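Trainee: Could we go through this model together? I would like to start with its provenance and then turn to the details.

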Amino acid sequence: MVELKEVELKDKSVFGQISEYNHEKVVFCHDQETGLKAIIGIHNTVLGPALGGTRMWSYASEAEALDDVLRLSRGMTYKAAISGLNLGGGKAVIIGDAKKDKSEALLRRFGRFVKNLNGAYITAEDVGMTTKDMEYIRMETEHVSGLPESMGGSGDPSPVTAYGTYMGMKAAAKKAFGSDSLEGKKISVQGVGHVGGYLVELLAKENAQIFITDIYEDRLQEVSSKYGAKVVSMDEIYDLDVDIYSPCALGGTINDNTLDRLKCQVIAGCANNQLRDEKIHGPALVERGIVYAPDFLINAGGLINVYSELIGYNRESAYAQTERIYGYTLDIFDLAEREGIHNQAAAMKMAEKRIQSIGKIRSTY
Ligand code: NAD
């Protein structure tokens with residue numbers, strides 16, 4: 001996956017990469033003393049401040065980190081817009097090994113960069129970050145969401161994200177199999193971290209046959225013994241004869257190398273940017289008869305939960321709003337069919353329509 005990206009990004013300049021996605025602002029954060037190297041992407045703030053988590057990852061190159069933050073922040077714009085939230089899209093990446101390179105000073109230095117954006121960007125937890133890390137960032141800036149309940153926040157968003165993903169998966173199952181029951185369905189879950197773990201719990205309650213994979217052996221054993229899921233290797237996941245494939249690790253796993261290997265009829269997972277190139281792989285899934293549940297639509301539960309924190313947290317209403325993902329997903333399938341476009345394009349169209357119409361209202365003084 002990384003090798004493929006490297007080839008694609010090799011000849012692109014920084015501005016070449018940025019102009020591709022039409023960002024409002026991209027901030028490069030560097031600090032010699034703490035070793036901080038981070039990028040904040042603010043994609044669009046028409047609907048509100050750009051909200052999106054900070055991810056820490058050992059990227060193979062700086063170009064790959066930039067690509068990730070650009071794609072992720074754009075995804076946040078679509079996610080907020082389609083979910084009816086008054087938020088824009090943003091995201092940050094910190095380049096480094098989350099297990100080795102973190103320090104209080106590095107995280108607080110990053111917090112200073114967020115502070116200097118004066119609320120145009122609101123950060124939250126993402127892959128490679130912990131609640132404790134967010135507490136350090138919060139020491140330097142108030143523009144942090146998704147804090148622990150002990151700090152007056154909404155706590156871990158992962159269970160709500162998993163619930164929304166589950167709703168989207170059920171809607172996709174209804175489209176593909178005529179029923180939204182997942183009982184007996186063979187479902188592969190790639191990545192059993194925070195969200196993947198909660199998703200497996202929901203699938204197990206519905207008596208699905210679950211296959212799991214992850215980098216971490218101990219986590220695999222834990223989830224497997226708790227929910228009776230079968231462990232498979234990281235590469236094997238693409239060749240499994242399953243009904244549903246659920247990408248819950250990192251993005252870009254639906255690409256030229258994996259497409260021909262997939263045997264599922266539905267793809268529905270929580271990972272962001274699952275299609276390596278939506279213009280190529282969106283239509284390719286339609287050709288193969290695979291029902292794809294748009295990632296930014298069905299993984300919006302966490303954002304809905306965090307948004308609820310900004311306007312006065314209420315867990316029940318966050319879950320109720322997340323449950324609507326089921327209906328929205330069916331609406332997107334209808335729109336895609338009516339217009340003869342792929343599902344991701346239909347979801348993007350719906351989100352863009354809202355941004356444009358609200359943008360017009362706000363253009364008057
Ligand atoms: P996490 O770090 O807790 O879990 C990810 C898991 O995937 C880890 O256990 C990791 O070891 C595993 N993994 C990484 N690469 C893998 C590979 N190639 N094959 C198999 N396993 C692999 O992260 P999370 O919070 O569960 O988020 C998972 C995905 O969902 C991410 O893409 C994230 O951006 C997205 N997402 C999360 C939330 C949320 O509320 N946490 C909300 C929206 C989207």
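This is a predicted model: local features need pLDDT of at least 70, side-chain atom pairs count only at pLDDT 80 or more; totals for chains, interfaces and linings use all residues.

Trainee: In what order do the 6 strands of the open sheet lie?

Mentor: The order is β9-β8-β7-β10-β11-β12, with parallel pairing. Two strands pair if DSSP finds at least two bridges between them; strands (E, at least two residues) and helices (H or I, at least four) are DSSP runs numbered from the N terminus.

Trainee: Which strands stand at the edges?

Mentor: β9 (230-231) and β12 (291-292) do; each has a single partner strand, so one side of each is left without a neighbour in the sheet.

Trainee: How many bridges join β7 and β10?

Mentor: β7 and β10 (residues 244-247) pair over 4 bridges in the parallel sense. Valine 189 has serine 246 in β10 as its bridge partner.

Trainee: And what joins β4 to β5?

Mentor: Strands β4 (residues 54-57) and β5 (residues 88-95) run parallel and are joined by 4 bridges. The chain passes from β4 through helix α3 (residues 62-82) to β5 in a right-handed β-α-β crossover. Right-handed means that, with the strands pointing away from the viewer, the path from the first strand over the helix to the second runs clockwise.

Trainee: Changing topic: where is glycine 191, and is it buried or exposed?

Mentor: Glycine 191 is in the loop between β7 (186-190) and α7 (194-205). With a relative accessible area of 8%, glycine 191 is buried. Buried means under 20% relative accessible area, exposed over 50%, and partly exposed in between (1.4 Å probe, protein chains only).

Trainee: What is glycine 191 in contact with?

Mentor: Leaving aside neighbours within four places in sequence, glycine 191 is in contact with Gly196, Thr213, Asp214, Cys248 and Ala249. Contact means heavy atoms within 4.5 Å.

Trainee: What span should helix α6 have?

Mentor: At 1.5 Å a residue, the 20 residues of α6 (residues 158-177) should span 28 Å, and the end C-alpha atoms are 27 Å apart, which agrees. The expected span is 1.5 Å times one less than the number of residues. Of the 20 residues in α6, 16 are buried. Just after α6, glycine 178 takes a positive phi of about 85°.

Trainee: How many residues of α11 are buried?

Mentor: In helix α11 (residues 301-311), 9 of the 11 residues are buried, so it is largely enclosed by the rest of the structure. The cover over these buried residues includes β3 (50-51), α3, α6, α12 (315-323) and α13 (325-339).

Trainee: Finally, how many aromatic pairs are there?

Mentor: The search of the whole structure finds 4. Tyrosine 238 and tyrosine 245 have ring centres 6.2 Å apart and planes at 65°, so that pair is edge-to-face. Rings of Phe, Tyr and Trp (its six-membered ring) pair if their centres lie within 6.5 Å; planes under 30 degrees apart count as stacked, over 60 as edge-to-face and the rest as tilted. Both tyrosine 238 and tyrosine 245 are buried. Ring pairs also link Tyr163, Tyr166 and Tyr319 into a cluster.

Key. Residues are numbered from 1 along each chain as its sequence is written. Side-chain values use heavy atoms; hydrogens and water are left out.
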